[in-house]
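Trainee: I would like to learn how to read a structure like this one. Please show me the features step by step.

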Amino acid sequence: MPKEPSHPPDLKYLKQELTQECKILLSTLPTKSGWVVSKLYNYQGFWYHPSYLQGLLSCQKHFQAQDTDILLATTPKSGTTWLKALLFTLLNRTRYPHAQHDHPLLSNNPHMLVPFLEIKLYLDDQNPDLSSFASPRLFSTHLPYVSLPKSVKDSKCKLVYLCRNPKDTFISLWAFSNQLRLQEMGTNSLEDVFEKYCEGVSLYGPFWDHLLGYWQESLKNPDKVYFLTYEEMKEEPDLHLRKLTEFLGCPFSVEEKKEGMVEGILDICSFDNLRNLKVNKEGKLPSGENNSAFFRNGKVGDWKNYLTTEMVERFEKICEEKLHGSGLKF
Ligand code: PAP
């Protein structure tokens with residue numbers, strides 16, 4: 001068992017002052033012990049750290065989606081950083097050509113270019129001024145579909161949802177959680193957190209409910225929700241990048257394709273390129289995480305190096321039960 005922390009890791013959200021409204025709500029919610037943080041709270045069927053819940057409440061109350069907005073929604077550790085880089089580069093390809101020597105991606109972590117709604121914008125400020133964001137505005141969120149602000153559902157804004165094989169997502173999250181813990185706390189035991197993950201108790205979990213919410217919505221409303229997996233993106237990045245541009249209404253022109261723009265954008269956003277940038281080797285997010293923590297190894301199937309046969313069987317059984325009849329498979 002990991003040792004009890006003598007003081008919490010230096011992460012901004014752990015020190016967030018909560019509003020009275022949030023404190024009152026928290027007192028009514030089911031709780032369970034978390035992995036990095038001591039307690040998670042269940043709201044609208046999903047598990048949250050109290051600060052993120054406060055960000056969620058503010059965002060639900062104040063965020064006004066515009067028809068031209070694009071929202072990247074993901075489960076944590078499904079490749080958010082990669083998709084943020086790709087979407088930013090894609091949507092800003094005229095303003096910032098990918099080959100430009102001072103392209104913003106070369107000196108900023110993707111999380112700084114595409115902010116999270118509930119864990120950045122509406123956490124820093126209950127009602128932030130978003131007027132400096134140029135159209136089309138690009139934001140991201142880990143919120144489940146059920147908890148998205150009403151204006152997102154009512155407007156014509158588009159949602160890109162990215163998820164990843166649960167076994168790799170879990171290992172990536174476990175490794176990340178160990179990076180966030182103080183060395184003196186020891187590492188999170190894989191067995192302990194596996195049990196919690198299977199029960200659905202992890203940030204923004206249950207994982208399966210998160211992806212089913214967006215999957216079902218993408219079937220009902222394919223013009224609004226684009227459902228993508230990390231594995232598909234890895235397998236055929238150029239195909240999926242092109243499909244993404246079509247969904248977003250900004251397909252590559254013949255000229256752009258001839259110039260090699262598809263490959264150029266994929267190259268600048270590649271794992272090796274981003275990981276080796278000074279900003280991502282040495283920088284930190286204002287929230288306290290090291291940028292390097294978002295670039296571990298970026299592989300498909302790394303779970304094979306960690307999970308026992310029993311764990312794999314358990315995961316597969318849950319997947320079968322939860323995803324049965326949905327048409328979704330991993
Ligand atoms: P977040 O939800 O906290 O923002 P997120 O970016 O979704 O994290 O997940 C990080 C994973 O994406 C890491 O996976 P791993 O732990 O299995 O290695 C990270 O390596 C991977 N990743 C980051 N950037 C890229 C990229 N450019 N290409 C492919 N994978 C990437």
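Mentor: Begin with contact, which means heavy atoms within 4.5 Å. This is a predicted model, in which local features need pLDDT of at least 70 and side-chain atom pairs count only at pLDDT 80 or more, while totals for chains, interfaces and linings use all residues. Residues are numbered from 1 along each chain as its sequence is written, and side-chain values use heavy atoms, with hydrogens and water left out.

Trainee: Which residues of H3 meet H13?

Mentor: Helices are DSSP runs of H or I with at least four residues, strands are runs of E with at least two, and both are numbered from the N terminus. Leu86, Thr89 and Leu90 in H3 meet Ile265, Leu266 and Ile268 in H13. Ala, Val, Leu, Ile, Met, Phe, Trp, Tyr, Cys and Pro count as nonpolar, Asp, Glu, Lys and Arg as charged, and the others, Gly among them, as polar. By these classes, the contact of H3 with H13 has five nonpolar, one polar and no charged residues.

Trainee: At what angle do H3 and H13 pack?

Mentor: Axes are lines fitted to C-alpha atoms, for helices over the stretch in contact, and angles between N-to-C directions run from 0 to 180 degrees. Helix H3 (residues 80-91) and helix H13 (residues 261-268) pack at about 140°, and their axes are 9 Å apart. That makes H3 oblique to H13; angles under 35 degrees count as roughly parallel, over 145 as roughly antiparallel, 65 to 115 as roughly perpendicular and the rest as oblique.

Trainee: Is leucine 105 buried or exposed?

Mentor: Buried means under 20% relative accessible area, exposed over 50%, and partly exposed in between, with a 1.4 Å probe and protein chains only. Leucine 105 counts as buried because its relative accessibility is 0%. Leucine 105 sits in the loop between H3 and helix H4 (110-113). Among the residues that leucine 105 touches are Ala85, Thr89 and Ile268.

Trainee: Which residues lie on each side of S7?

Mentor: In a regular strand the side chains alternate between the two faces of the sheet. On one side of S7 are Val225, Phe227 and Thr229, on the other Tyr226 and Leu228, and all are buried.

Trainee: How many bridges join S6 to S7?

Mentor: Two strands pair if DSSP finds at least two bridges between them. Five bridges join strand S6 (residues 158-163) to S7, and the two run parallel. In this pair, leucine 162 stands opposite leucine 228 in S7.

Notes:
Lists of a residue's contacts leave out its neighbours within four places in sequence.
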